Every structure is written in C-alpha cells, then in structure tokens.
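Hi everyone, thanks for making time this morning.

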Amino acid sequence: MLPVAHALLQAHNDGTVRITRVAGSSAGSICAALIACNADFAQVRKFIKEEGPAHTAGMRRWSSTVSTGPMSPLTNRLKLLTAVWKAYRGKRLLRTEVLGKFLNDLFAKAAPKAPRQIEDINSLDGIQLIITGSDLSQSRGVTFNSGNLIERILHSSAIPFAFRSYADVITSPYVDGGLCENLPVELLLAKEDFDGQVFCVSIGDESPAPYVPSGFKEYCLQLVSASMNHNVDRAKRLVGLSNQFEEITSLNTFDFEAAIAKLNDDAWYTPSYNRAMSKLYKIAQLYEMVGVPAPSKLSGRLSTAKIMHSLYKVFETSLRLPEWEYIKGDFVVRAECLHPLPPNLLRGGDYVVRTATIQAKGDNLVCFNSSAHLNGETSIVPTAWTCFNQTQNREIAVQAIPVKNPTDTSAKSIGVLVFFENPITSVAKGDILIVKSHFLLDDAMIDLSRKGKDHISIENSHSITAGSVDIVLIYPTAFGTITAAGKIGDGSEVLLSSESLRAKHLDNLPNYSAAGMNVQNLAPNALFHVNFFRNPG
C-alpha cells in the first residue's frame, strides 16, 4: 500500500486532487497517518531500508522465526508448540515495544514537524485522520479521532496473539482493526457529498486459489483471514471498481523481511506508484477537459447520499414554490399504549396518520414533499404513503423517495418526495389530493398514563401557509376522559367538537374517544402545540 499512499499524497500536494480525509485500519492506519502527517516518502523508504531489518529481527521471538536446514521440520514444530504454549499463557508472540519504537522513529524521520496527537493533526487546515480498531471490551469496532498517534496505530495494528494477548486486555482492550473493519470506507462514505469521492486502497492475493489449512497455525490464520477478506470485499463493493487501488502480492501478514525487500525494490515500487498516479491524473484530466467549474459527477458505486442530495437540489425550487395550495393538514394519533391491558399481553404501537389536503395549481404537479421520522439509529421508521384524488374519486399510486438537504443536520426526520405515478393522467389542474403518511411509534402518549398529561406538536415545514390544521388524539374510552388545550401564540386555536371528531375519526372505532384542536392559517415554520390532560376520576 505504501507506493499508492505515496502517490495519493504527491497528487494532493501538487494540486492534482484534494484529499480531505483518510481512514485506515491495521497496516492501513500507518499509511493513512503518513498521508495526514504530510510525510516525506523518500525518507520513509530510506528509513525502512536502513532500520527495518534490525527492527524486524528485534521484534521476533525465537518461536516466531522459521528455521531451515536438516533439522528444520522438527525445530519448526517445536517452535509452533512453544508459540501455542506462550499464547495459552497470555504471552505475545512478537515484541510490541519494538514495533512502537519503529513507528516513533519512522514518524520522527519522515514527518518531524507533524503533531503526535490525532486531535492536533485534525485541528490543522489539512487532511483529517481516522484510525479504526477493535474493542474487545465492547465486542465491536471503535474509531479513534483523538489520542496519541503512535499509540492508536499500535492499537489498530495489534494482531491478536502476535502483538496483543488475552492478558493485555486488562490494560488495553483494543486489537487489530481488521477484525471488525479492515477497509473502513463507510466512515468516509457517510460524508461523501461534502468531502468528495471515496477511494480505497487494498491488497489482493496474486494466487487466490482455494487453500485448505494443513496445520493448527494455518487454521488459525485462515479463520482470521476469512473474516478480514470478506470485510475488504464488502468495502470494495461499496466504493466501486472505478474508485479502487489494489496492489497484488503473494506476501502474508508476517512476511516482514520479504515486505521490506519489496519496498526497497524500485522495479516493483516505481510501477506501482506510477499506476496510482496515472489513475489520479486521468480523473483530474477529465474534470479539467470538461471546462465547467462544477460539473455533475458520477464515479464508482451508486451513492445513496448523492442521489438523495441531488434529488433535493433538482426539486429545491418547487419545494420553496410548490405547485399546490395547502388546504388542510391533520395529525392524528391513536394511542394504543393507553389500553388498560394486563402486563403479560402485548400492545400495538401508537398509530399515527399525517394528512395533507392539497390542490394542484396546474397540470404539471409530479410530487409532494413530505417527511419521515428517524429512530435513534438514524434509520427511517417504517412508513407508508397513500394518495387519493378526491376530485377524480380514485386512488393514485405513489413512490416515496427520501431526499436530504445537505445543510439540514436534523437527526429526527428526513425529507421525502412522494411522486405521483403517471401524473399526466392522474393529476389535473384544480384536483384535490389527499396525501397520507402512516407510521407507528412505541408508547408515544404513555405519559398520559404515567403523569396524567402529554402533548403533540407539529410544525408547518412547508413554504406556504396551511389553511387549516387539526391535531387529534384518539384513545380507548376505558382509559377515561381526556381534554385538550392548545397554544400557538395568537389565541386562534379552537377545540374540535365531539360531533365533528366522532364523524371524522371514530366512525369505525366504537370503543374509542377523541380530543383535539384546530388552528387556521398556520404560517410556514410555525409550531402548533396541543397539551392533553387526563381528567381525574
């Protein structure tokens, strides 16, 4: 990976490309850190050539070396048994402190002016650095955005048994990042629309023929390799073939001496460097030849974030100046959580229906902008959309597509464009459309049971005034009586009559009651807040 890292930094420094962030795991964390620290790769190679062999020899213990000669089969078997015994007793097979000194000396030689704290590196107006590891105490991957640079690289490169044993977990639960995410592209893809295209650098096997392990050592290595290789393949698919740099090698993880020899071989290093530079220059050449400051770009995988942001930009004007009038909005919650059921029975979720009644201004209405709730993991709560053309008295098939305003950092909801299928025939000027979104929330109104009060708030997120808005709570009659009181600031809200509530919302719900309020002319971005109270007795 080193020649590709060299090419990436060189292309960044000469203005061919602009690198905003780098992420790395295990050996990749070393390359990522060298890029972020603006290292002198000539000094990197010089240091590895001069100091690498001594550090490698010092890093190995007797049981991790390979013997040759007449007695080598017996000797190597004895070494393997010794290594297994040491691992069982919690002893490392390689000397981690020697690797730490090697990394300290390497960065002192190749990047003497670079900070040694990751947060200090990232505070500079340069390339941001992310290092990943595996946290055994949490049984999951971990991201290092701060801390001592060398220490974090050691955590990320701590191959189990080799550089870190089970006995080390007491003081440091971190092991090789490759166990969880050997090619951490998802951290970069999350901000692809802001930072630009994501490229990945990986190592491939020049002879990927099926391999059956013939002994305990090979078996253990293959167990780890299967997981790591699968992670790499998955990450490469996320990025796409066009955005990959792959170096082919026959070296395995512990071929330190052979790796040093390869890095010192100009016949291998230079072509690898040139291939990477050629790919980067071709990408830059394309955008330069286009001759437009900000062309629309596609490369590599199909980016969901890019699609969502692009759709938002395409429809941004129509979202600000919609081709429809906002006649009425309804927000109705059926509080199933208020059923007085025994604790051993399951309740359904609280059923929420948001309704927008709109009128088409012309014959070119193709979509309506809605939104969807996000849960704590920033994934969309299961939601269904329907549309009824009241004027033509028929259902309209719709397709809901999430979109994202790049400047919106809300973690509670995401914009959704609801497209009308066959809009030329399904929507005409003056048609009244009723667009509904349906979803469930767990215990949304449970505070009415626990505290005797709760509330519902909605905001007019559209750019035009809503002619009329209702907030309605439907609840089990057995729960008791609930009253509503609202406030938006100008005193224009009114209680909905029990007759209108029953006629509109309780026709097919004989065991339910309802309370709610209405406000007229809710302005854009205005909030309508209704409190609900459980009456004593």
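Let's begin with a pair of charges: the side chains of K328 and D330 meet in a salt bridge, 2.5 Å from N to O. Bear in mind that this is a predicted model. Are K328 and D330 buried or exposed? Both of them are buried.

How many salt bridges does the structure hold? The count is 10. Another one links K451 to D447, with the closest N and O atoms 4.0 Å apart. K451 counts as exposed because its relative accessibility is 63%, over the 50% cut-off.

R152 has a relative accessible area of 16%, so it is buried, whereas E151, at 39%, counts as partly exposed.

Now, cysteines. The structure holds 0 disulfides. C37 counts as buried at 9% relative accessibility, and C387 is buried too, with a relative accessible area of 1%.

On to the strands, please. Strand β10, residues 383-389, is joined by 7 bridges to strand β14, residues 432-441, and the two run antiparallel. To find your place, look for T383, which stands opposite F439 in β14. β10 also runs antiparallel to strand β11, residues 394-395, with 2 bridges joining them. In that pairing, F388 stands opposite E395 in β11. What sits in the hairpin of β10 and β11? There are 4 residues between the strands, and N393 takes a positive phi near 55 degrees.

Next, a glycine in strand β3, residues 140-144: this is G141. It counts as partly exposed, at 43% relative accessibility. Which residues does G141 touch, leaving aside its neighbours within four places in sequence? The contacts are G133, S134 and C180. G141 and E181 are 40 residues apart in sequence, and their C-alpha atoms are 7.1 Å apart in space.

Last stop, the surface. Y219, L223 and V224 form a nonpolar patch there, with about 280 Å² of accessible area together. Of these, L223 lies in helix α11, which covers residues 216-239.

Conventions: Residues numbered from 1 in each chain as written. Predicted model: local features only at pLDDT ≥ 70, side-chain atom pairs only at ≥ 80, totals over all residues. Heavy atoms only, no water. Patch = residues over 30% accessible without salt bridge, like charges linked within 9 Å, V, L, I, M, F, W, Y side chains within 5 Å. Areas by Shrake-Rupley, 256 points an atom, 1.4 Å probe, with all protein chains shown as cover. Pairing = 2+ DSSP bridges. Buried < 20%, exposed > 50% of the residue type's maximum accessible area, 1.4 Å probe, protein only. Contact = heavy atoms within 4.5 Å. Disulfide = S-S within 2.5 Å.
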